[in-house]
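Please read the following report alongside the sequence and the coordinates. It moves from the overall fold to helix packing, then to the ligands and the backbone.

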Amino acid sequence: MKVERSVIMLNKKVAFIPCKTYQQNEVNQAVQQLLAELGGLAQYIKPGQKVLLKVNLLMKKPPEAAVTTHPALVEALVNQIQALGAKTIIADSPGGPFTKAWLKGIYQETGMVKVAKRTGAELNWNFEQQEFSYPEGRILKHITLAKIVKEADVVISLAKLKTHGFTIYTGAVKNLFGTIPGLLKADYHLRLDDVRDFSDMLVDIAQFVKPTLSIMDAVIAMEGPGPSAGEPKSVGLLAASENPHGLDLACCYIIGLNPEQVPTLQKAIARGLIPKNIRELDIRGIADEEFKPIPFKVPATSRSRHLPIPLPAKLDDFFYKLLRPKPIFIHKKCINCGLCARNCPPQCIEMIASKPQADLTRCIRCFCCQELCPEQAVEIKRSKLSRLIFR
Ligand code: SF4
Ligand code: SF4
């Protein structure tokens, strides 16, 4: 019988431990201290259990690009879990199809194959999916997940701290969008093109998956036009919490984002899953003087939201659509791979003479094209009017 996961969503404990590099010894030690701050890993895992490590493997990029969860963190976790007599499976359904052919190269490039070889951890090759009824969901009344997620006894979200063109920030909660198999994610983008609804859906997913623990790779994070085209930035921290929303609130504070800027935090606050104020969290493992924001460059989209004045819904919608930024394709950087066109939720990108052209009247501004472009050939631009209004 499956053990009921013991997540306490109102848990306010968030632990931080300095970790300046990805040298394996330093990461091992930092992970041990981090988990000790929360009471130790043994309280969550029993011998013989199957523990799924939901890593962020967004795309085929090497660890130093800071796009994906670093393999040194994954290896440290695997070793500690296996020392408790449990099995580990490393899994993600990143952008693109959820197939063996797609995942093989990603596991290789992101360093997961090496982790599996060194530790004996399994890489997930199960591409089945399963639909569940979810009457408590605010946005989703049914949810389709990679089957492996619900088969695991324990799920640990191993997220990467980054800014994000669509949701402004990606961390513990957004990482769980990768439990939705492959191209189904595009359907969710299509159905929920307003970032506020999309973010409420992300909160639904987090509540349904119920990770037992969430851990943030913030040793080297990403700022600017993340989650793939930004710049690596050293933060020198690992963080963890039983509450993925609390972990995100604390990590957003560290990178200088307030909850009003981050729609997933707004939705979690509205549902009572976290306090409004960072001061109400129980921050551990780090001295007060070290728990300070390191301001990050934010994506252009963060200053192009709804007008800061109350307007009737239709007018608000009109201005929102008028002022929102758009994707621009830089053809001289483009290698004609067609990934953007194949993964555009409304299929509004056409490859014309081998180069992408988007029909912006149908574009829902999900910025999946930017997220998945391996060459950083998609930029998100704000209009002059938007720059004038939202400075
Ligand atoms: S813009 Fe990027 S994703 Fe699209 S075809 Fe060019 S290289 Fe590929
Ligand atoms: S063109 Fe880009 S931003 Fe627009 S809908 Fe397609 S993937 Fe999303």
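The paragraphs below describe the model from its overall dimensions down to single residues.

This is a predicted model, in which local features need pLDDT of at least 70 and side-chain atom pairs count only at pLDDT 80 or more, while totals for chains, interfaces and linings use all residues. Residues are numbered from 1 along each chain as its sequence is written, and chains are lettered from A and ligands numbered from 1 in the order in which they are written.

**Overall fold**

The protein has 14 helices and 15 strands, where helices (H or I, at least four residues) and strands (E, at least two) are DSSP runs numbered from the N terminus. Its radius of gyration is 20 Å, close to the 21 Å that the globule rule gives for 391 residues, so the protein is as compact as a globular protein of that length; the radius is taken over C-alpha atoms, and the rule is 2.2 Å times the number of residues to the power 0.38. Along the principal axes, the C-alpha atoms fill a box of roughly 55 × 45 × 40 Å.

**Helix packing**

| Helix pair | Angle between axes | Axis separation |
|---|---|---|
| H1 (residues 24–37) and H2 (residues 71–83) | roughly 55° | within 9 Å |
| H8 (residues 195–209) and H10 | about 60° | 8 Å |
| H9 (residues 244–254) and H10 (residues 263–270) | about 130° | 10 Å |

The angle of roughly 55° makes H1 oblique to H2, given that angles under 35 degrees count as roughly parallel, over 145 as roughly antiparallel, 65 to 115 as roughly perpendicular and the rest as oblique. The crossing of H1 and H2 is right-handed; a crossing is left-handed if the near helix is turned anticlockwise from the far one by less than a right angle, and right-handed if clockwise. On the H1 side the contact involves Gln 24, Val 27, Asn 28, Val 31 and Gln 32, and on the H2 side Ala 72, Leu 73, Glu 75, Ala 76, Leu 77 and Gln 80, two residues being in contact if their C-beta atoms, placed from the backbone, lie within 7 Å. These residues divide into six nonpolar, four polar and one charged, with Ala, Val, Leu, Ile, Met, Phe, Trp, Tyr, Cys and Pro counted as nonpolar, Asp, Glu, Lys and Arg as charged, and the others, Gly among them, as polar.

Helix H10 takes part in the contacts with H8 and with H9. H8 passes H10 in a right-handed crossing, and the contact is made by Val 195, Arg 196, Ser 199, Asp 200, Leu 202 and Val 203 of H8 with Pro 263, Thr 264, Lys 267 and Ala 268 of H10; five of these residues are nonpolar, two polar and three charged. H9, by contrast, passes H10 in a left-handed crossing, where His 245, Asp 248, Leu 249 and Cys 252 in H9 meet Thr 264, Leu 265 and Ala 268 in H10, a set with four nonpolar, two polar and one charged residues.

**Ligand surroundings**

Around ligand 1 there are 13 residues, of which Cys 334, Cys 337, Cys 340, Cys 373 and Ala 377 come nearest; a residue is near a molecule if its C-beta atom, placed from the backbone, lies within 6 Å of it. This shell divides into ten nonpolar, two polar and one charged. Ligand 2 has 14 residues around it, with Cys 344, Cys 363, Cys 366, Cys 368 and Cys 369 coming nearest, and its shell has 13 nonpolar, no polar and one charged residues.

**Backbone details**

A cis peptide bond with omega of about 15° joins Gly 226 and Pro 227, and Pro 227 lies in the loop between strand S9 (213–223) and strand S10 (231–241). Arg 365, although not a glycine, has a positive phi of about 60°, and this residue lies in the loop between strand S14 (355–358) and helix H13 (368–372).

Key. Axes fitted to C-alpha atoms, helices over the stretch in contact; angles between N-to-C directions.
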